[in-house]
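Here is a walk through one protein model, contact by contact. Keep the structure in view and find each residue as it comes up.

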Amino acid sequence: MEAFVTALREHQELAIFLVLAIGFFIGQIKVGGFSFGTVVGTLLAGVLIGQLDIKVPDLVKIVFFDLFLFTTGYKVGPQFFRGLKKDALSQVALTVVLCVASLLTTVVFAKAMGYDSGTAAGLMAGAFTESTVIATARDAINRLQLPAAEKTALINNIPVAYAVTYLVGTAFIVWFLPNVGPRLMRVNLREEARKLQAQVGGGDEPAGVRSALEKFTVRTYRVTNERLLNRTVADLEALPVGQRVFISRIRCAGAIVEPRSDTIVRQGDVVAVMTGTALLMARGAEIGPEVDDTELLDFPVGVMDAVVTNKAVAGKTLRELAALESARGVFLRGVVRLGQPMPFTPETRIDRGDVLSLVGGQVDIERAAKMLGYPDRPTITTDMVFVGLGIFLGGLVGLLTVTVGGLPITLTASGGALIMGLVFGYLRAVRPTFGRIPEPAMWVFDTVGLTVFIGVVGLGAGPSFVSGLQKSGVSLVLVGLVAAVLPHIVAILFGRYVLRMNPVILLGACSGAGTVTAALRALQEEAQSRLPALGYTVPYALGNILLTAWGPVIVALMR
């Protein structure tokens with residue numbers, strides 16, 4: 001055992017990887033429908049291993065945390081700047097109210113309970129599941145004119161308060177928003193979701209645009225219906241059948257023809273028709289007898305993700321995009337925004353940074369992807385010039401200090417990395433020729449970057465963690481509960497009775513502004529609809545920035 005402890009103390013990298021292994025294991029354990037998650041799991045593992053008094057250089061956690069923050073900004077950048085547009089002002093206002101309420105609630109209760117600035121910062125970080133506050137508050141404490149021992153004590157109190165209030169805040173808000181939130185507004189969430197669906201597209205819960213998301217197929221028919229003869233391909237594709245229909249290929253007089261919009265379909269031609277499977281099964285025979293023409297069906301069909309960057313496309317509805325010539329032959333399988341699958345209807349507006357999953361003929365989807373922005377092709381290469389330069393420039397910006405009331409306020413180098421991530425993420429969406437970070441690399445920067453930071457924090461706080469928990473644990477549970485719930489109550493009432501927001505959108509916005517993604521899942525389950533996601537993305541982007549910025553503000557106010 002002594003040799004094991006010595007190995008960990010002399011080779012701190014081994015301790016870090018052990019913490020990650022144990023932390024991810026703890027994070028996967030589920031009790032009912034609740035799990036600790038990798039962040040809290042890694043913190044607890046770090047505290048456990050930290051009892052062995054293992055010293056890890058601060059530089060390690062700073063490097064990984066900067067990677068995490070830059071990636072966070074990179075992901076939310078397009079939606080953050082989207083929030084500055086007029087049609088998102090209500091969601092922006094709601095986010096500001098909730099985040100300001102969280103700051104005031106934390107400071108008021110922390111002062112009332114006699115907490116120090118470290119405990120107050122941990123309270124904020126845990127109650128709102130915003131781990132970035134740990135780093136920004138820690139950097140702010142390090143800049144205070146205090147003895148080193150006092151700084152260390154304050155910094156070690158941050159993860160103690162975080163661990164306690166994270167569990168309380170997450171678990172309770174995940175239950176509170178879908179169950180109590182609708183009662184505060186005196187509405188039925190499922191009924192409101194059905195009403196909203198009727199407004200945005202009609203019918204039941206949309207998994208997507210009806211004509212686009214249905215399973216599609218291609219079948220071949222010999223044209224014998226007199227109503228379809230001697231008409232152009234454009235005329236036939238425009239017939240009102242309730243779904244988009246495309247003639248992909250034609251066999252005319254034994255030869256295969258790639259049709260144009262003005263190509264005329266004549267008696268005896270065999271056409272390859274691409275549309276929803278259900279439509280062809282129900283009405284395909286109206287074209288004529290189905291024939292087995294393997295050669296006519298033998299053309300490349302592909303699936304491709306396209307990232308929306310074209311300024312002329314952003315803001316258009318799916319119905320408007322479907323009417324464009326460049327969208328011919330292309331079906332939409334899904335829309336992803338900020339990593340969240342979005343419900344969509346013909347009236348859904350597309351934003352920059354959205355990822356559209358397209359399916360259709362290979363030539364057609366290539367053309368459509370070029371019209372939308374650029375094809376998001378699988379790759380393993382990360383533009384590290386882009387990442388390194390972004391974090392460097394962000395760090396320089398973050399070092400700038402503004403003195404307010406005699407107190408130095410700064411974003412810190414880490415906060416600057418977050419801000420520059422926003423800018424670079426937006427630039428990537430506008431000019432996709434540089435700055436590529438593949439999803440696997442983004443996962444490493446995001447998840448591993450954060451968990452390494454949290455794990456090292458746990459290792460450093462380990463020796464004082466138990467005593468700190470014994471000192472303030474019981475009161476932190478109660479205060480953490482209030483700090484998590486009260487701002488959401490304020491935001492719900494403000495959004496409903498002042499901003500007049502739709503209840504479904506409002507609750508989705510609260511989950512985003514509070515950065516509680518698990519609550520969005522709970523809302524969708526309770527509403528039996530994916531529509532709450534429509535209010536999630538802009539508040540999530542803005543909430544990440546505001547809550548992160550509160551770290552040094554809390555430290556300043558608590559002094």
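Arg244 sits over the face of Phe331, 5.8 Å from the ring centre. This is a predicted model, and every value here is computed from it.

Next come the rings. The whole structure holds eleven aromatic pairs. One of them joins Phe70 and Phe424 edge-to-face, with 6.1 Å between centres and 75° between planes. This pair links distant parts of the chain: Phe70 is in helix H4 (residues 58-82), Phe424 in helix H18 (residues 412-430), and 354 residues separate them. Phe70 counts as buried because its relative accessibility is 0%. Phe424, at 10%, is buried as well. Ring pairs also draw in others: Phe70, Tyr74, Phe386 and Phe424 are linked into a cluster.

Phe172 and Trp175 make another aromatic pair, this one tilted, at 5.3 Å centre to centre and 50° between the planes. Both residues lie in helix H8 (residues 148-179), three residues apart, or about one turn of the helix. Why can such neighbours meet? An α-helix has 3.6 residues a turn, so residues three or four places apart point the same way. Phe172 is partly exposed at 27%, and Trp175 is partly exposed at 43%.

At 1.5 Å a residue, the 15 residues of H17 (residues 384-398) should span 21 Å, and the end C-alpha atoms are 20 Å apart, which agrees. Asp383 caps the N-terminal end of H17, with a side-chain oxygen 3.3 Å from the backbone nitrogen of Val385.

Now turn to charge. Side chains of opposite charge can pair when their charged atoms come close. The whole structure has 18 salt bridges. In one, Asp446 meets Lys75, with the closest N and O atoms 2.6 Å apart. Asp446 lies in helix H19 (residues 439-497) and Lys75 in helix H4, so the pair ties together parts 371 residues apart in sequence. Asp446 is buried at 16%, whereas Lys75 is partly exposed at 33%.

Arg337 and Asp354 form another salt bridge, 2.7 Å from N to O. Arg337 is in strand S10 (residues 330-337), and Asp354 is in the loop between S11 and S12. Arg337 is buried at 9%, and Asp354 is buried at 0%. Finally, Asp58, Lys61, Arg138 and Asp139 are linked in a network of salt bridges.

Methods:
Residues are numbered from 1 along each chain as its sequence is written. This is a predicted model: local features need pLDDT of at least 70, side-chain atom pairs count only at pLDDT 80 or more; totals for chains, interfaces and linings use all residues. Side-chain values use heavy atoms; hydrogens and water are left out. Rings of Phe, Tyr and Trp (its six-membered ring) pair if their centres lie within 6.5 Å; planes under 30 degrees apart count as stacked, over 60 as edge-to-face and the rest as tilted. Helices (H or I, at least four residues) and strands (E, at least two) are DSSP runs, numbered from the N terminus. Buried means under 20% relative accessible area, exposed over 50%, partly exposed in between (1.4 Å probe, protein chains only). A charge sits over a ring if NZ of Lys or CZ of Arg is within 6 Å of the ring centre and within 35 degrees of the ring normal. The expected span of a helix is 1.5 Å times one less than its number of residues. A polar contact is a pair of N or O atoms within 3.5 Å; within protein, one must be able to donate a hydrogen and the other to accept it, and residues adjacent in sequence count only if both atoms are side-chain atoms. A salt bridge is a side-chain nitrogen of Lys or Arg within 4 Å of a carboxyl oxygen of Asp or Glu.
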